[in-house]
Amino acid sequence: MDYILIFFIGMAAMTLGTLAGGGGLITVPAMLLMGIPIHSVLGAGKISTTVSSFSTFITVLLKKQVTFKESFWIIPISLFGGFTGGFIATRLTENTMYIIAVILLIVAFLTSFLSKVDFSGEESLRPTKVAIPGLLGIGMYDGMFGPGQGTLLLYLFGHLRIAYIRAIGFGRLATFSSGFGAAISYIAMGKIIWPIAFVLMAGSLSGAQIGVRLAERLNPDHVKILLRIITIALIIQLIVNSFL
């Protein structure tokens with residue numbers, strides 16, 4: 001029964017994570033309530049997110065919404081960001097990381113009203129002076145801590161006027177790249193409970209495909225509303241966690 005529940009937790013979390021980020025809003029509290037140790041929860045989540053994110057990118061790639069030529073440069077930037085963030089995390093306290101996360105999400109939330117976040121745009125993704133530091137910074141954040149990383153990526157691509165379904169593809173490739181190093185770290189530390197990780201991964205792979213299909217039907221204006229709702233929920237969760 002627990003494994004069935006974990007499968008559906010993974011499915012629900014990755015469906016939400018694909019659409020607007022914030023899948024951890026579901027995964028972390030639900031699995032902690034089941035009595036699973038925190039490092040095992042985070043490790044299983046990182047592995048399942050990394051694998052399912054790559055599957056989402058491949059799905060969008062096969063639909064010819066993105067090309068590998070256009071997106072390959074994301075990999076080294078986000079990978080380097082993830083490794084660097086993991087290194088920095090060892091030198092920061094947990095409270096400091098919570099403060100950084102809340103500040104970043106509040107800035108992203110306010111920016112969504114002040115800037116022209118547009119998911120109906122037709123721009124190509126290029127390694128510009130905004131895209132490179134944006135991807136590097138978010139990759140570092142993912143390696144360092146991570147809550148809301150997918151949401152921040154969508155804000156970045158919306159600012160760059162990338163169409164929504166393409167933004168999902170690029171964002172999932174960036175998530176795969178920055179999360180890869182962190183997943184390896186959890187495996188090396190022996191924190192993975194493999195049966196749980198595999199079941200969560202299976203649910204996440206299913207959720208990723210559901211998310212892509214739902215994304216194709218979403219109105220770009222509704223995406224901005226969904227992003228803001230998820231951002232507020234993430235901020236509240238992080239503030240509550242910092243006081244527990």
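**Entry 1: salt bridges**

I began with Glu70 and Arg166, whose side chains meet in a salt bridge at 2.7 Å, N to O; the term denotes a side-chain nitrogen of Lys or Arg within 4 Å of a carboxyl oxygen of Asp or Glu. Glu70 belongs to helix 4 and Arg166 to helix 9, so this pair ties together parts that are 96 residues apart in sequence. Helices here are DSSP runs (H or I, at least four residues), numbered from the N terminus. I found both Glu70 and Arg166 to be buried. Buried means under 20% relative accessible area, exposed means over 50%, and partly exposed lies in between (1.4 Å probe, protein chains only).

I note that the model is predicted, that local features need pLDDT of at least 70 and side-chain atom pairs pLDDT 80 or more, and that totals for chains, interfaces and linings use all residues. Residues are numbered from 1 along each chain as its sequence is written, and side-chain values use heavy atoms, with hydrogens and water left out.

How many salt bridges does the structure hold? I counted three. Another of them joins Asp142 to Lys46, with the closest N and O atoms 3.1 Å apart. Asp142 sits in helix 7 (residues 131–144) and Lys46 in helix 3, so the pair connects parts 96 residues apart in sequence. Both Asp142 and Lys46 are buried.

I then looked up Glu216 and Lys63, whose side chains form a salt bridge at 3.2 Å, N to O. Glu216 is in the loop between helix 10 and helix 11 (220–243), and Lys63 in the loop between helix 3 and helix 4 (68–71), 153 residues apart. Glu216 is partly exposed, at a relative accessible area of 38%. Lys63 is also partly exposed, with 33% relative accessibility.

I followed Arg166 into helix 9, which covers residues 164–188. Its 25 residues reach 36 Å from first C-alpha to last, close to the 36 Å expected; the expected span is 1.5 Å times one less than the number of residues. Where does helix 9 bend? I located a bend of about 35° at Gly179, taken as the angle between axes fitted to the seven residues ending there and the seven starting there.

Phe180, Ile184, Ile187, Trp194 and Phe198 make a nonpolar surface patch of about 470 Å². Such a patch joins nonpolar side chains (Val, Leu, Ile, Met, Phe, Trp, Tyr) within 5 Å, from residues with over 30% relative accessible area and no salt bridge. Helix 9 and helix 10 (194–215) each give two or more residues to the patch, and helix 9 supplies the largest share, three residues. Ile184 lies in helix 9 and is partly exposed, at 44% relative accessibility.

**Entry 2: helix 5**

I checked helix 5 (residues 74–89): its 16 residues should span 22 Å, and its end C-alpha atoms are 22 Å apart, which agrees. Which residues of helix 5 are buried? They are Ile74, Ile77, Ser78, Gly81, Gly82, Gly85 and Ala89. Down the helix axis these buried residues fall within an arc of 130°, so they line one face of helix 5; the arc is that of the directions from the axis to the C-beta atoms. On the other side of helix 5, I found Pro76 and Phe80 exposed.

How values were computed. Patch = residues over 30% accessible without salt bridge, like charges linked within 9 Å, V, L, I, M, F, W, Y side chains within 5 Å. Areas by Shrake-Rupley, 256 points an atom, 1.4 Å probe, with all protein chains shown as cover.
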